[in-house]
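Biologist: I am new to this structure and would be grateful for a guided reading of its features. Where should we begin?

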Amino acid sequence: MPTHTKYQPGFYMPPEPCYDWVQKDYIEHAPKWCSVDLRDGNQALIIPMSLEEKLEMWEKLVEIGFKEIEIGFPAASETEFEFARTLIERNMIPEDVTIQVLTQAREHIIRKTFAALEGCKTPVVVHVYNSTSVAQREQVFKRDREQIKQIAVDGAKLLKQLTDEAGNDNYRFEYSPESFTGTEPEYALEVCNAVLGIWQPTPDRKAIINLPATVEMSSPHVYACQVEYMHKNLKYREGVEISLHPHNDRGTGVADAELGVLAGADRVEGTLFGNGERTGNVDIITLAMNMFSHGVDPMLDFSDMPSLVEMYERTTRMVVEPRRPYAGSLVFAAFSGSHQDAIAKGFAWRKEHDPEHWTCPYLPIDPADVNRKYETDVIRINSQSGKGGIGYILETNYGYVLPPKMREELSYASKDVSDHAHKELSPAEVNDIFHSRYVNHPGRVELLDFHYTHADNNKAFKAFVTVKLDGIEQDVIGNGNGRLDSVCDGLGKLGLRAHIVDYAEHTLSTGSDAHAMAYVAIEGSDGKLVWGAGEHGDTVTAAIKALISAVNRACSQE
Ligand SMILES: CC(=O)SCCNC(=O)CCNC(=O)[C@H](O)C(C)(C)COP(=O)(O)OP(=O)(O)OC[C@H]1O[C@@H](n2cnc3c(N)ncnc32)[C@H](O)[C@@H]1OP(=O)(O)O
Ligand SMILES: CC(C)C(=O)C(=O)O
Ligand SMILES: [Mg+2]
């Protein structure tokens, strides 16, 4: 039987209070971003990307606007090494993009890494790491604090030496106390300061100290305190960029990054859609779009999310789950009635009152900003949907503006269909339900012909109507104050109930043929409303057809 008693918190709070970050309410400008898709993302795939796939992903990352990209772990495999060589030899690295490579703090691996970089003229970050956590010191390296610090120092020295030998002043350095979150903060600080002592960074040639939540071990506020402690105590702070590298083991990688930036970090390493080891690296798309939704320019372009999802799924063989923030197929979808109603009203309100800003209920951003479609992605119909949604679907897709009470009735009818079929209804299916129930509805009465005379300055109408009633042709004359009224009178003379309670009409602005739509409610034998709709090229015919549809439906209910 599994028991929680074998677990205990494995993290360490800083030795001094570090809570300044609490007083900041949002991130005011974008941090430096570093994509680690081609390294941390790639090393966690069932089948790592091929050279061609890495190249395609690289081009997309550049297009999105990443200025720092960890391209791989060149000592890991031939593909990784070749990828670095390909970018360099084919001059594929834009001048304003810095490539970054990862190496363990081991001599032969560092040397191989430098070999992969030979001849690179554009800026490079060489990123070296060793684990500093209590668990790894004891269990993996079996070395004490001084010895572990020495691994970092030796690695840092070798990076500096090889860079000096090659005369590469376009190289900068990054150090990660890997498993930082399982390391005592004061010890992590000691190791990082020892590394910085070797590199002696300056504001002109900054070093990067990366603080990975290699395994996320605590609530995000603890990580924020750890980051703030490093921010306040690191030596050479003016010459150091503090970088975050959250993973997502507890599901709060995004919160780690956001609080870590508030706590003083300058830079964030992460991946598209949170790809990466185990539960993934922090999702840079979510971080960037969270800023965007606060009105802050994230300096990354995610304006075509569907094509990004397509490229990512193809090259990594991973899946973007439907509820992945800003990107999943369902993240803008409203099935439930009250949400649909609020969104439809929000759209209308924005159009009329404040087209410049986005305050729509239930939608944190405008779906169009990530190339998602209002027509298909937002209001979707199933058994949880309501009249607001049905009205929106029919209006936006087909131009039908149903009277509110009719919308309500149609929404219950659609709900029923969806409930019994156990499926979502497409706009076309909703339209079919609408047509088959209401529009030009057949029954006992069929309109064959009509014409009018009018008198008293259009205040009195005489309708001459020819119908087939139960298959027998009949002529009837009706009088009334309006055209429809006079037809009602005529139908009444044939013994049909045709007392109009509600009426609406409009022309259809969409489509090549100009059409008219009319909606009529008459009182049924039980006093309830019976609706009908008529669609025709001519407004008056549409109205009479709507009336006859309602009459036919009322007859069939008697
Ligand atoms: C949290 C992270 O994402 S870190 C990045 C992890 N990514 C990867 O490891 C992917 C690429 N790695 C690889 O392809 C391989 O690990 C290689 C080619 C780099 C090295 O492979 P190997 O030589 O077989 O060694 P391996 O990686 O298993 O490491 C084991 C040895 O290195 C030591 N070691 C591991 N990491 C480090 C480090 N950062 N610094 C110094 N020594 C290290 C271990 O203590 C162990 O030492 P031992 O041989 O004395 O027992
Ligand atoms: C190499 C380091 C930065 C890493 O990927 C991690 O600690 O998660
Ligand atoms: Mg990582």
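Modeller: This is a predicted model. Let us begin with ligand 2, whose surroundings comprise Asp-40, Leu-102, Tyr-129, Ser-176, Glu-178, Asn-210, Pro-212, Thr-214, His-245 and His-247. Two elements give two or more residues to this shell, namely strand S5 (171-178) and strand S6 (207-213).

Biologist: How do the residues of the shell around ligand 2 divide into nonpolar, polar and charged?

Modeller: The shell around ligand 2 holds three nonpolar, five polar and two charged residues.

Biologist: Which residues come nearest to ligand 1?

Modeller: Ligand 1 has 17 residues around it, and Phe-73, Ala-76, Gln-104, Ala-105 and Asn-130 come nearest. At least two residues of that shell are supplied by each of H1, strand S4 (124-131) and helix H5 (134-141). The classes in the shell around ligand 1 are nine nonpolar, four polar and four charged.

Biologist: Which residues does UniProt list for "binding site"?

Modeller: The UniProt record, an unreviewed entry, lists Asp-40, His-245, His-247 and Asn-281 under "binding site". These positions are spread over 242 residues of sequence, yet they cluster in space, with a largest C-alpha distance of 10.2 Å.

Biologist: Is Asp-40 buried or exposed?

Modeller: A residue counts as buried if 20 or more other C-beta atoms lie within 10 Å of its own. Asp-40 is buried because 24 other C-beta atoms lie within 10 Å. Asp-40 belongs to helix H1 (residues 37-43). Setting aside residues up to four places away in sequence, Asp-40 touches Thr-271, Gly-276, Glu-277 and Asn-281.

Biologist: In which strand does His-245 lie, and what is His-245 in contact with?

Modeller: His-245 is part of strand S7 (residues 240-246). His-245 has 30 C-beta neighbours inside 10 Å and therefore counts as buried. Apart from neighbours within four places in sequence, the contacts of His-245 are Ser-176, Asn-210, Leu-211, Pro-212, Ala-213 and Glu-269.

Biologist: How can the length of a helix be checked, and what span should helix H15 have?

Modeller: The check compares an expected span with the distance between the end C-alpha atoms. At 1.5 Å a residue, the 18 residues of helix H15 (residues 404-421) should span 26 Å, and the end C-alpha atoms are 26 Å apart, which agrees. Just after H15, His-422 takes a positive phi of about 55 degrees.

Biologist: Which residues of H15 are buried, and what do they pack against?

Modeller: Met-406, Arg-407, Glu-409, Leu-410, Ser-411, Ser-414, Lys-415 and Ser-418 are the buried residues of H15. They pack against helix H14 (387-398), helix H16 (427-438), strand S13 (515-523) and strand S14 (529-536). In the loop between H15 and H16 lies Leu-425, which is buried because it has 22 C-beta neighbours inside 10 Å. Leu-425 touches Ile-381, Asn-382, Ser-414, Val-417, Ser-418 and Val-430, not counting residues up to four places away in sequence.

Biologist: Over how many bridges do S10 and strand S11 pair?

Modeller: S10 and strand S11 (residues 472-480) pair over nine bridges, in the antiparallel sense. Phe-461 stands opposite Gly-480 in S11. The hairpin of S10 and S11 has two residues between the strands, and Asp-470 in the turn has a positive phi of about 50 degrees.

Notes
Residues are numbered from 1 along each chain as its sequence is written. Chains are lettered from A and ligands numbered from 1 in the order in which they are written. This is a predicted model: local features need pLDDT of at least 70, side-chain atom pairs count only at pLDDT 80 or more; totals for chains, interfaces and linings use all residues. A residue is near a molecule or strand if its C-beta atom, placed from the backbone, lies within 6 Å of it. Helices (H or I, at least four residues) and strands (E, at least two) are DSSP runs, numbered from the N terminus. Ala, Val, Leu, Ile, Met, Phe, Trp, Tyr, Cys and Pro count as nonpolar, Asp, Glu, Lys and Arg as charged, and the others, Gly among them, as polar. The expected span of a helix is 1.5 Å times one less than its number of residues. A residue is buried if 20 or more other C-beta atoms lie within 10 Å of its own, exposed if 12 or fewer, and partly exposed in between; C-beta atoms are placed from the backbone. Two residues are in contact if their C-beta atoms, placed from the backbone, lie within 7 Å. Two strands pair if DSSP finds at least two bridges between them. UniProt positions are given in the numbering used here, feature names are shortened, and annotations may be inferred rather than shown by experiment.
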